[in-house]
Amino acid sequence: MIPRLLAVLLATGALTACATEPARFYAAVAMTKAQQNSSVPTDSGIYYRADSGEWRHFGPRILGIGSIAAEPGNPEHLLIASADGVIRSTDGGRTWRKTTGWEVVDVRAIAFDPLNPRQAYAATQWGPLRSADAGATWQLAQQGLAKLYTQTVIADRAQSGRALIGAEDGIYVSTDAAHSWQRVDSSPETTILRLVQSGVEARLLLAGTQHRGAWLSRDGGATWAQTDPGSATANLYAAALNPHDSAVMAVGGWDTGVRISTDGGATWADRTAGLPVKHVFVLAFDPEVKGRLWASVFEEGSFYSDDLGLTWLDGGLHGAYGFDYVFVPPVRR
Amino acid sequence: MIPRPTKLRAVPSILFVLAAGGWIGPALAAAPADAEIARHFQERREKLIQTAIAIFEPADATQGTFLDVAAALQRGENLAAAQARLNVLNEPRPTGNMFWMYPVMAVLLNGEAHLDAGNRARLAHWWRHYWPSRGDTENHWVMYYASLYLAAQHYAGTGPEHWFNGQSAAENLTEARGYLEHWMQVTTTVGQGEYDSPGYIGEYVVPLALLVGWAEDAALRQKARMMLDYIFFDYVVEQLNGQYAGAHSRVYPRQLLQPARVTASALGWLLFGLGDYQQNAQSLLLALSGYAPPPILERIARDTSARPYVNREFKRTRWRMRHAGADSMVVGDKRTLPVYKYSHVDRDFVLGSSQGGLLQPIQQQTWNLRWRVDEPLDASNTFFAVQPYSSPHEGTMYFGADWDTVTDLIARSKTDYDSPDKLASGSPHEQVFQHGPALIGLYDIPADTRFPHVTTLFSRDTEDLVEDESGWIFARGGPVYFAYRPLVPGEWKPNDWTGLLGGGAGGWISTGFLEWGSGHRCYVSTARHNGYVVQVAPARDFDSYAAFQAAVRALPLTFSTATVAEVTFTALDGSVLRARYGEVPSVNGEPLDYAGWPLFESPFGVADRGSRRLEIRHGAERYRLDFENNVIMQTFAQP
């Protein structure tokens, strides 16, 4: 078994300087730009970025794939969040198995507990799920929720069994592996669109919300305060924390583009110039390339910047409506 | 002798009893009327099947659908041509998700033995490698799981490596049955979600017909058969010469304006000989399944002696994932809103409504008037109003897409969703109330809503329109007079005044627009507090059109739109209808009893909410669908 601390570091990408092979960079997307006179995208699913920079389809082609997660320390064990339920592979994607029944639908986000990889959580639009066997089976995890809609989830990398979930009416926290949830009173009473946790400072969390902009927590999600007055009423679908520098963070949204803070959220600057449109759905800092920020722009594709958004370069996936970026570090042998 | 379909399962038996308690044999069901009904049904069934088979030409592999192939396989006719066609139908790879699953299962179940090894292997290959998504509507799910159930039955014993989803045949069978049982339970307890859709009725008939025809499990086969009876009963009590009338959950633009060219009418012809023949995929599959409707349904469908009558039904909205609202109700762990349907069913017309509001995403028709026509197929025998509404609030209530993209994504397939001249819509700013052949619509439209107007559609088949000085607009539709009183004057516009559909937007949705979409007019009224009164009457009740107009003019009517829309109207039958937006309407001072609204209630059938029992009635005949015990019981009163 991988020592617990090592597993945490692998999961968060904090050991990338020692890596002998790159992390695998996944994107969950739907190709909607060419979708006309149809309710179905022309393609959808998980793509990964090959060394050549080419994006290659990975896993089953299912509608409504929202994200992918790899078991900490075991990148061959993968879970896909999809409209059809949770799809699991234990052989690096050679075979897949749906591990949820008919009751589970519209899974938007999925996460392993970095300190206990057997424990996993899923946010579905009809209520959250929990798994105690690494995603092989799932149970409903609705206790304590006033409304069941959830869209984003993180497993606290500092405390096993602690998770935060973004619901229709704010942020909820669980300290018993999702057996029960308690609403965080200081979180905004609106739909939480994205939750992220810092890779370097575990108590630092950032949330993007619907109509209420960006919110920061500096105490592990116990209390929250709004940040960035410039996007205070925006729908922010994207949020990212730099895994190398806790002072650097980014949010993005509809008509908002990309906004960057380099001082821990004290001030924010618009860094949209250079992107084709101001509709950003996913942001992620590349753990492999220090300071590189990836942005998924609605139906235009992926772009990256190595200067915190001052300039942007074409990163492919043209025509995609992005839902998530996920970096999975390799196992060090 | 009609050949029995391959592996077609016997239709479950029915218990026949006398009301006094004595048992009689099935011979009673073979009374002349039943025999005649059955014979005509078989003739129509054969016509559909033979037409499907005849589509194949030996030298032409471009014609024919999966279901046509299934028909050829079932009868063992045109086999070579059908197989040649099947060779190319999956190329380069399957598409359509559950719309691929069910026709493929129809092919396999109707005659896999006739297929060559290549086609058999190809179909098995795609069940392994093509991952059909489950979709996001209730009809998608029922089709998906009925098909998956039968596929798991067909490939029984196969392991996970044979399946797209990595589950074994046994696991897929269990999961599919779980959903199907759940859907049947919910539908027979609190009503159908995609209720009374003249098009989507076919998407429920397909999976149920597959189960009736080919499920090996007798109990499930029986349940499916009972569900078909249930859905067809739902249809026959609100149809007019085969046209599905009354409020609809979902309807497309063409179906609004040419209401007979739709699956429900095609089914009405197959099942009961109503309306005109239309070759239709869903009807074909039903014909192939071996299902035959209980004769009582045809007797109801053709019985005009009981008309007019009132038909009330309870339904539910699509599940709401967000913004469910304080007035929503919980079923299991899902939220929905009650739908209260009311139809006045006359031999010459049907006026039917729901209470209005946001009951279904995108394609709701809150109310409509349909009048009888002798040649329904191309008729535009309809009159209705709509408050066009679109918003991300609605979209995210029912769909998983994001707030800022959901409207755009909806309009990628439902092109008119975000257009001010659309004719189907639910609206949270609408309240409708009907009593007999009179109806009141009220609106409280916020200033910032996307389309702040009410559209009333006068179809091109409307005749003798009179804009009266009294404020009433009179019109005639076939054998029916109707009067419309807008609370706030409007202006006339052509339908499709933006030119969206007429310009070809939306692909198949607007195909043939000139033929079905031209020549209609809309009365468009723009006011925050708004509404109208509708009074309908059969022409046979009046000496003349002028007499009808005079009678309506004389009806007491007071209304206000000052602070909120409100109306007090004395209808032709003398009932005093009162409605104030946001309040429970009343008839003769008695508030409507929404709490006691039945699942079904008409002279032809009753069902209480939660009972899971529907009693269908015609004369002394009773046909009871008992979903609790999974039995059908037919009784006859003693002479």
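Modeller: The radius of gyration is taken over C-alpha atoms, and the globule rule it is held against is 2.2 Å times the number of residues to the power 0.38. The model is predicted: local features need pLDDT of at least 70, side-chain atom pairs count only at pLDDT 80 or more, and totals for chains, interfaces and linings use all residues; side-chain values use heavy atoms, without hydrogens or water. Residues are numbered from 1 along each chain as its sequence is written, while chains are lettered from A and ligands numbered from 1 in the order in which they are written.

Take chain A. For its 333 residues, the rule puts a compact globule near 20 Å; chain A has 18 Å, so the two agree. The C-alpha trace of chain A spans about 50 × 45 × 45 Å along its principal axes.

Next, the fold elements. Chain A holds 28 strands and one helix. These are DSSP runs, numbered from the N terminus: helices are H or I of at least four residues, strands E of at least two.

Now the packing. Contact means heavy atoms within 4.5 Å. Of the contacts in chain A with a separation of 6 or more, 45% come from residues 24 or more positions apart. In chain A, 66% of the 333 residues count as buried (under 20% relative accessible area, 1.4 Å probe, protein chains only).

Then the surface. Chain A exposes about 11,800 Å² of accessible surface, and carbon and sulfur atoms own 50% of that. The areas come from the Shrake-Rupley method with a 1.4 Å probe.

Last, charge. Chain A carries 28 positive and 33 negative charges, with mean positions 3 Å apart. Lys and Arg count as positive, Asp and Glu as negative; His and the chain ends are not counted. Each charge is placed at NZ of Lys, CZ of Arg, CG of Asp or CD of Glu.

Methods. Buried < 20%, exposed > 50% of the residue type's maximum accessible area, 1.4 Å probe, protein only.
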